[in-house]
Amino acid sequence: MATASAVVNVPANPRRGEIIEIKALVRHAMETGFRRTQLGAVIPRDIIRQFVCLYNGVEIFRAELHPSIAANPLLTFTTVATESGTIEFRWTGDKGFSVVESARITVV
Amino acid sequence: MINTPKVSRRSFIVGSAAVGGGLALGLRLPPFGPAVVRAADGSPEINVWVVIRPDDTVVIRMARSEMGQGTITGLAQLVAEELECNWSKIVYEYPTPGESVKRKRAWGDFSTGGSRGIRTSHDYVRKGGAAARLMLVQAAANQWNVPVSECSTVNGVITHGPSKRKLSYGKVAEAAARLEAPKDVPLKDPKNWKVIGKAVPRLDTRDKVTGKQVYGFDLKLPGMLNAAIKESPVFGGKVKSYDAARVASMKGVRKVVQVGDTAVAVVADTWWQAKTALDQLPVVWDEGPSAKVQQSNINDMLKAGLDADQAFVGNQEGDAKKALAGAAKKVEAVYAYPWQNHVCMEPMNATARYTADKCEVWVPTQDGEASFAAVLAASGLPADKCEVYKINLGGGFGRRGAFQDYVTQAINIAKQMPGTPVKLLWSREEDMVQGRYHPIMQCKLVGGFDAANNLTGLHMRLSGQSILKEVRPAIVEQQKGRDPLTFQGVADSGEHSFGYNYPNLLIDHAMRQSHVPPGFWRGVNINQNAVFIECFMDELAEAAGKDPVEFRRQFMAKHPRNLAVLNAVADRIGWTRPAPAGVHRGVAQMKAFNSFVAAACELSVKDGNKVKIHRIVAATDPGYAVNPAQIERQVSGSFVYGLSALFMQECTVKGGRIVEENFNTYNSMRIAQMPKVESIIMPTGGAIWGGIGEPTICVAAPAVLNALFQATGKRIRSVPLKNHGFQLV
Amino acid sequence: MKLTINGKTHDVDVDPNTPLLWAIREQVGLTGTKYGCGIAQCGACTVHIDGSPMRSCSIPAGAVAGRKITTIEGLAAGGQLTKVQKAWIEHEVPQCGYCQSGMIMAAAALLKAKPRPTDADIDAAMTNICRCGTFQEVRKAIHAAAKA
Amino acid sequence: MASRRHFLIAAGGLAGGMRLVSASGNAHATPDEMREAVRKVIGSSRVQSGRVKLDLPPLIDNGNSVSLSVAVESPMTPADHVKAIHVFTEKNPLPNVVSVYLGPRAGRANIATRVRIADTQTVTAIAEMSDGSFWSGSMSVVVTLSACLEDGLI
C-alpha cells in the first residue's frame, strides 16, 4: 500500500572473510503516535516495526524499531563477507507496510 | 572557617591532588598531570569562574552572552561581590562550549534567553566567587602560618589582622589554585552587599565607542572567503536549479554552492562581490504548496479559531461560559497581533572552518551550547573535534538562541571548501525574510456583567500560532497537544502567572499553525497577551463606568506585587490628578519572567493621527536589582522595542513569502519619537529572582493604546498602528 | 582608485560602483563602520565626507575618490578620545553597540555644526536606528559633550 | 545545572536488577517505565557496567534526528559473541528505542542509527552476550533549550 523507496549500501566486491559495513535506509515518516494535530487529536502511530537482513537467505541481522527511531530509518551494521550472492533487506511495519530491497555481493 | 576539603569539586580537571577522591567516585583520572588548571596565558584557575593573574587582574568567566543587555557586567558583579576583588582589575572571558563539554558542563547552561542570564545563575556564580575567595585566604593563611579566621579581604588584598601583613590575590593565586575547593560556601546576606545593587560601570563600553569592538560581521581570519546566501523565500521551498556559470567569472567569485535543499550561496573574495554575484545568479525554486498562501488566508484561519469548539485551556476559575450566558450585559472585542521580525542591527552571520579533522565556528550566539550542538549535527564530527568561539552580539532579541540556522548554513558551505574559513553574512533582506517571527495571534474577549455592573465572568480565546509546537514539539506532546507558553502573562501559575482573579474565568487557545516559522521574540507571548488583556481591562472598566486603575485593583487582592508596581506608576504619573490640557493617560501591568512590571504614559494626538508620547513611567520589581543603571537602560530601551512594534512593525505574507524586506517597509523608532522614560526600580527581595531584558516590552503597547483611546475615543484593536493611520511623532 | 580615509591615502582595487561602506570594510579593512540595511535607512554606516555625515552604504566608492573621509577609527586623533566619545563612555550609551559607530559619527557632525544643539536639533540630526533603544542616553551624552 | 552523567552499576540485590546512581553518589530515580522495559529484556539477570560504548552527541539542538552508535567489546566468535543490543531512554515517550539481534557472522558488534531525543536525559545501551551476561553503557545528553522557556516546562 505504501509506496516507499529504500537505499542500501553494500560493498560490491569485498574480500572473503572481510568484515563489511552495510547501510540500509528506507523512506518512512515514522509517525510516533504521540504527536497531536493542532486540534489536539492524536495522530495515529505508523512506524516500521521490523527490519531483517538475509544473506543468501539466512538471517544475519534483525532490528525491532520503536517510535524513538527517527524518520527515514537508517541502520548501519556489519557482516563477514562469506560468499557471493544476494543480500536482502525487508522492512515491515504498521498499516501493512512492507518493502523489500536487495543487493548483489561478489566476494573476491 | 574553611571546611576541610574532602571531595574535589573538580575531580575531572585536576590531577594528582584529587586522584583519591576522584577514584572514589569511580571517575578515571590521569595518575599524573598538572595539579593546576591554567588559562591560555598560564595564569592559574582558582575555579572555573575565576582566574587570577600575577598582576592581580581578575578574569571572570561568563557562560552567558553579551548582546547589549549588560549581563556580563551583572554577572561579574555577582562574582566580585563574593570574591571581594578590586572592580577595576576585572576582565571577562567566555569559556568555549567545547571546553565546557570536555569538563562535564562545568559552566552550566550557556543559554541567554528568557531574561535568565542572571536570574538562573546568580546562586552558582556567587558561590564560585565565594569559593575562590576562601581558597585565596586559605593560601595566604598557609603562607603566614596563621589561622584563616585572623585574615580578612578587601579589594583583592588579604590582610592578617594581628600582624597587619598584606598579600594581594595575585601573589597567592598559584598556591590557592592548588587547594581543594571548600565544600560549603556561605553567601553574603544581601544587606551586606557592596557591589551588587550598585550602578558600577559596564565592562564593555570603551571598544564600542571607538569602533574596535569586533562583531561576527567584522571577523577576519587568514585566507578567509566571504559568502552571501539566499534561501527559498517561500518557507519550505527548495532549490530546483541554479545557473552557476552565469556568475562564475565575475570578479572575486570563487564558488557557487548549494546549501542543503533550500539555499544557494556564492563564495567570493569579498562579501560585496559575493552579494553582487548572488543578486545576478538565476535560481529556480520549487516553492511548494505554501506559495499559494496569502495573508488573508492566515487571517481568516485565525478568525475561525476565535469561535472554534475545541481549544486548549490555559487558565480557568469557576464557570466562565455559564457566567457569560447569564450575564445582564456583555462586552466583546476581537484583537490581533501580527508577525514581527527581531531585526537585530547586526544581521545573522557565522564563520566556519571545516576539515575532516576539525570544525570550528565563530558566531554571535545567545547560546554557545546550541551553536555547538548545531556544529556537531552539521559537521558530523565528534565533540572533541568541534569548537565554537562566541562573539559579542550586535543584538539578539531571541533570534540567535534557539535557532542556529546560520551556523548550519556556514558549516554546510565550509564543508564544500575544506580548510578555507568562510564568513557567511546575511543581507538585511535575507534577515527579514528568513526570520523566526513573533507568532501571529488573534484574540476574542468577552466580559459579562450582572445587573449591578459587577464583572461576573471573562472568556479570553486566543487563536493563532504556537511557537513550541514547531520548536520544541516534545513539550507540546507531553501536554497532550497544548502549548503552555501561549499563556505567558495570563497563566494559572508560574513565572508568567496572571495578575487578576475574576469570579469566573476561562482562557483558552485554538492553535492555528502556519508555514511561517514562529520564534522567540523578546518577551515572547507576553507581548500580545498584554495587549489583549490590558486593553480589554480598560474596555471593561469603561463598561462598568469605573476608572481603569480603580477597576483593576478590584481583582488584584491576591497579587500584591502586581498591585505595587501598578500603584507606583499611577502615583508617579499623577493618575488621580488631571493631566495637562490635551494630554491623555493609560496604564498597563503584567508579571513576566518572574518580574512585575507596569507602565503609565501620557500622550497627545495632533491632526487626528499624530501621536506624541510625552512621558512614560515604568515600574519594575525584579526581586533583586543587580545593576540599577543597566536596568534603567533595559527599561527605556524596552519602549523603543515595544513602541516600534506597536506603531510600525508587521510582517505580512504574499505568495507564501514575507513581503517586508528592509527598514523602508519595516521601520523602527528614531530618537525624535522617543518619549521620556522614568524608571522606578522597586526590588522586594525574596527567594526568586526576576528577569530584566524582556518583561517591560509588553506593557509599552497597552499603556499607549489605552491612552490613545482616552485621546481619540477609538479603540484600536490591532497592531501596528500604522495600519490605522497613526504616526508616532 | 585612491581613497583618503582618516588622513591616510589607500590604493584600493575595487569596482567604482562598490558602496563606500564595503570598500572601507573589505578593502581598507576598517570594520568600525557597520552594515545595517544597505539602503541608507539605519545610519549604522555613517562616516564623514569632507566633514558631513553620510551613509556610506549608498555612496559608490568611485564618487568620493580624493575626498576626505573620516570613520569612527579616525575620530580619536592620536588615540585621544573626542568629547563625544568621552561623553558616550561617561553616560554608558552603548548596549549591543553595533549602531553606535554611526550614532557617534552623526553626533560628532551635529556638534561640529551646532556646538550647543537643542533637543529639536538632536531630533533632526540623529536619524539612526538603534534596536536596543539607547536614545535616552544618546540625548544625554550629546548635551553633555556640548557642555564639556 | 550540574552534569547529569549517570553510571550504571551492578545492583545485585535489587529485584529489578539495576538502578542508576549519579556521579555525585545520589540515587537518581529511574523512571518506572524504563526500569520495566529493561526488566523485560534482562529478566532476573544483573547488568554489569562496561564493554558497551554508546555514542551520541553530548549536546543536541534538534532532537528529531540524532546519530547514535553502539560498539560492544566482543570477539564475535561462535563461542563468545553479542546476541542482541537494546537501547533505552529515560524520558522519551517510550523507553524502548531499538533492539537489534546479531551473531558471530556480524564480525563486529558495531551498529548505528538515528534516533529521536525528546529531552535532556540518559540513554542506555544493554548488550546481551552469548554466555547470558548483560553489559551496559550509558551516555547523558543535553537538549539545549536556549529559548525564552519557562523553568519546569519539561
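1. Burial in chain B: buried residues account for 60% of its 729 residues. Buried here means 20 or more other C-beta atoms within 10 Å of the residue's own, with C-beta atoms placed from the backbone.

2. A quick caveat: this is a predicted model, where local features need pLDDT of at least 70 and side-chain atom pairs count only at pLDDT 80 or more, while totals for chains, interfaces and linings use all residues. Residues are numbered from 1 along each chain as its sequence is written, and chains are lettered from A and ligands numbered from 1 in the order in which they are written.

3. Chain B has 20 helices and 28 strands (DSSP runs, H or I of at least four residues for helices and E of at least two for strands, numbered from the N terminus). Its radius of gyration is 28 Å, close to the 27 Å of the globule rule for 729 residues, so chain B is as compact as a globular protein of that length. That radius is taken over C-alpha atoms, and the rule is 2.2 Å times the number of residues to the power 0.38.

4. Of the chain B contacts between residues at least 6 apart in sequence, 77% link residues at least 24 apart. A contact means C-beta atoms, placed from the backbone, within 7 Å.

5. Over in chain C, you've got domain 1 (2-75) and domain 2 (77-147), with bounds from an automatic or database domain assignment. Domain 1 of chain C gives 16 residues to the contact and domain 2 of chain C gives 15.

Conventions
Buried ≥ 20, exposed ≤ 12 C-beta atoms within 10 Å, placed from the backbone. Contact = placed C-beta atoms within 7 Å.
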